Amino acid sequence: MSKGKVVLAYSGGLDTSCILVWLKEQGYDVITYLANIGQDEDFEAARKKAESLGAKKVFIEDLRTEFVEDFIWPAVQANAVYEDRYLLGTAVARPCIARRQVEIARREGAQYVSHGATGKGNDQIRFELTCYALYPEVKIIAPWRIPEFYNRFRGRTDLMEYAREHGIPVPVTPRAPWSMDANLMHISYESGILENPKVSSQCLIKGNIIHHFLYLILQGLTCVPVKVTNMNDGISKNTALDVFSYLNEIGGKHGVGRIDIVENRFIGMKSRGIYETPGGTVLLKAHLDIETFTMDKEVRRIKQGLGIKFSELVYNGFWYSPECNFVRHCIAKSQENVEGKVQLSVLKGQVYILGRESPKSLYNEELVSMDVQGDYDPCDASGFIRINAVRLREHHRLQGLSSTKQ
């Protein structure tokens with residue numbers, strides 16, 4: 001008797017291939033689901049492999065456009081950066097993947113969903129909070145948290161032996177001594193030899209980065225980028241997917257957006273990760289510039305705090321929480337006047353802002369000019385400074401009294 005249907009988030013790699021067969025051993029009817037979010041993958045080979053291993057159905061879903069429009073663009077709006085450096089390329093992908101996984105589970109009448117995330121990482125939280133939010137009655141099978149599974153498979157060697165016993169095609173040797181995860185937003189590297197924070201990440205660089213100078217114009221940043229033009233050759237892109245893919249291509253050639261960090265996982269431990277986020281980094285720089293150009297100072301101060309909160313919520317897996325929904329709406333409201341063109345160059349791993357223009361600009365050239373008086377009386381600054389000095393005077397008066405008493 002079958003225990004029921006389970007929709008497995010499947011990559012075609014060693015872990016999820018073994019999990020597919022293991023779930024069958026436990027008596028489940030397995031439906032595999034593979035999301036195309038821009039990774040370099042042979043999707044047809046993955047389909048054939050899943051079918052040969054006994055999957056009842058195989059779903060391969062192209063989610064690239066909705067990934068950019070529904071998840072990457074809100075992150076761009078928020079200038080989302082976790083712990084001052086990480087642009088959340090993995091974190092924003094997980095709710096996108098899990099949302100479709102839940103839709104398939106509901107449509108197929110599956111009571112269970114499963115994934116290959118480890119019991120120590122963030123992804124288990126991100127996947128499962130999304131599943132519980134969108135399919136409250138679902139049951140989740142997380143093999144790497146089940147003692148019968150993780151006691152049986154204590155490492156890659158055990159998995160490869162299991163694969164050989166069950167006719168699961170596996171590479172003769174691991175592709176690399178680390179784990180890699182890729183999507184449109186970024187590529188991440190972690191685990192393996194990289195768990196030693198002293199090991200140089202230079203080993204990840206393949207060949208020589210081509211350095212040369214070029215201009216890009218980002219046009220119409222009304223909440224989201226709508227156009228990019230390469231001023232060297234006149235190439236333009238104007239759909240969400242094409243814009244982001246092109247910025248990945250240009251930024252990647254110049255080594256933009258590559259970081260090597262130690263971060264704090266939500267579950268309470270520190271981990272080392274290397275991330276490459278070329279397109280996201282270019283957009284972050286451009287968006288920050290046009291946002292400052294068009295947004296009121298105090299609104300931007302509040303929005304900066306919301307951006308930090310958004311980053312933490314997304315990193316910790318709470319994309320579908322009421323508080324994250326509220327924060328996203330507030331950030332979207334702040335973007336109503338964020339519109340214009342940014343001219344920039346990409347060179348040797350850096351993004352340089354060269355100029356900007358906007359019909360919604362708050363920059364008043366006459367008001368700020370050193371050569372024109374404009375609608376401003378310099379005498380007003382005297383009272384402004386004296387009022388702000390009241391607090392400082394009182395603070396130091398108190399400090400003086402304290403010193404005298406001592």
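Trainee: Is Thr-277 buried or exposed, and how should I read that from a relative accessibility?

Mentor: In this predicted model, Thr-277 counts as buried because its relative accessibility is 3%, and the cut-off for that word is under 20% relative accessible area. Thr-277 is found in the loop between strand E12 and helix H9 (278–294). Leaving aside residues up to four places away in sequence, Thr-277 touches Leu-87, Met-185, His-186, Val-256 and Gly-257.

Trainee: How many of the residues in the protein chain are buried, as a percentage?

Mentor: Of the 406 residues in the protein chain, 45% are buried. The chain holds 13 helices and 14 strands, and its C-alpha trace spans about 85 × 65 × 45 Å along the principal axes. Among contacts with a separation of 6 or more, 70% come from residues 24 or more positions apart.

Trainee: Which residues have the most contacts inside the largest nonpolar core?

Mentor: The general idea is that in soluble globular proteins nonpolar side chains tend to be buried together. Here the largest nonpolar core has 71 residues, and Phe-67, Ile-72 and Phe-310 are those with the most contacts inside it. Helix H3 gives the most to this core, with eight residues. Not counting residues up to four places away in sequence, Ile-72 touches Phe-67, Leu-184, Met-185 and Phe-244. There is also a second, separate core of 26 residues, and Ile-19, Leu-20, Leu-53 and Ala-163 are included in it.

Trainee: How many aromatic pairs does a search of the whole structure find?

Mentor: A pair of aromatic rings is described by the distance of the centres and the angle of the planes. The search of the whole structure finds 13 aromatic pairs. In one of them, the ring centres of Tyr-86 and Tyr-315 are 6.1 Å apart and the planes stand at 85°, so the pair is edge-to-face. This pair links distant parts of the chain, since Tyr-86 lies in the loop between helix H3 (64–78) and helix H4 (93–108), while Tyr-315 lies in helix H10 (residues 297–315), 229 residues apart.

Trainee: Are Tyr-86 and Tyr-315 buried or exposed?

Mentor: Tyr-86 counts as buried at 2% relative accessibility, and Tyr-315 counts as buried at 0%. Tyr-315 also has a charged neighbour, for the charged end of Arg-126 sits over the ring of Tyr-315, 4.8 Å from its centre.

Trainee: How far apart are the ring centres of Phe-310 and Trp-319, and at what angle are their planes?

Mentor: The ring centres of Phe-310 and Trp-319 are 5.8 Å apart and their planes are at 65°, so this pair is edge-to-face; the cut-off for that word is over 60 degrees. Phe-310 is buried, with a relative accessible area of 1%, and Trp-319 counts as buried at 4% relative accessibility. Elsewhere, ring pairs link Trp-22, Trp-144, Phe-149, Phe-153 and Tyr-162 into a cluster.

Trainee: In what sense do strands E6 and E7 pair, and over how many bridges?

Mentor: Strand E6 (residues 179–182) and strand E7 (residues 187–190) pair in the antiparallel sense over four bridges, and a hairpin joins E6 to E7 through four residues.

Trainee: What is the phi of Asn-79, and what is that of Lys-348?

Mentor: Most residues other than glycine have a negative phi. Asn-79 has a positive phi of about 50° although it is not a glycine, and Lys-348 likewise has a positive phi of about 50° without being a glycine. Asn-79 is found in the loop between H3 and H4 and is buried, with a relative accessible area of 13%. Lys-348 has its place in the loop between strand E13 (341–347) and strand E14 (350–357), and it is exposed, with a relative accessible area of 56%.

Trainee: Which residues does UniProt list for the domain "Arginosuccinate synthase-like N-terminal"?

Mentor: UniProt, in an unreviewed entry, lists residues 5–169 for that domain. Over residues 5–169 the chain in this model is 48% helix and 16% strand, with the end C-alpha atoms 24 Å apart.

Conventions. Residues are numbered from 1 along each chain as its sequence is written. This is a predicted model: local features need pLDDT of at least 70, side-chain atom pairs count only at pLDDT 80 or more; totals for chains, interfaces and linings use all residues. Side-chain values use heavy atoms; hydrogens and water are left out. Rings of Phe, Tyr and Trp (its six-membered ring) pair if their centres lie within 6.5 Å; planes under 30 degrees apart count as stacked, over 60 as edge-to-face and the rest as tilted. Helices (H or I, at least four residues) and strands (E, at least two) are DSSP runs, numbered from the N terminus. Buried means under 20% relative accessible area, exposed over 50%, partly exposed in between (1.4 Å probe, protein chains only). A charge sits over a ring if NZ of Lys or CZ of Arg is within 6 Å of the ring centre and within 35 degrees of the ring normal. Two strands pair if DSSP finds at least two bridges between them. UniProt positions are given in the numbering used here, feature names are shortened, and annotations may be inferred rather than shown by experiment. A nonpolar core is a set of buried Ala, Val, Leu, Ile, Met, Phe, Trp, Tyr and Cys residues joined through side-chain atoms within 4.5 Å. Contact means heavy atoms within 4.5 Å.
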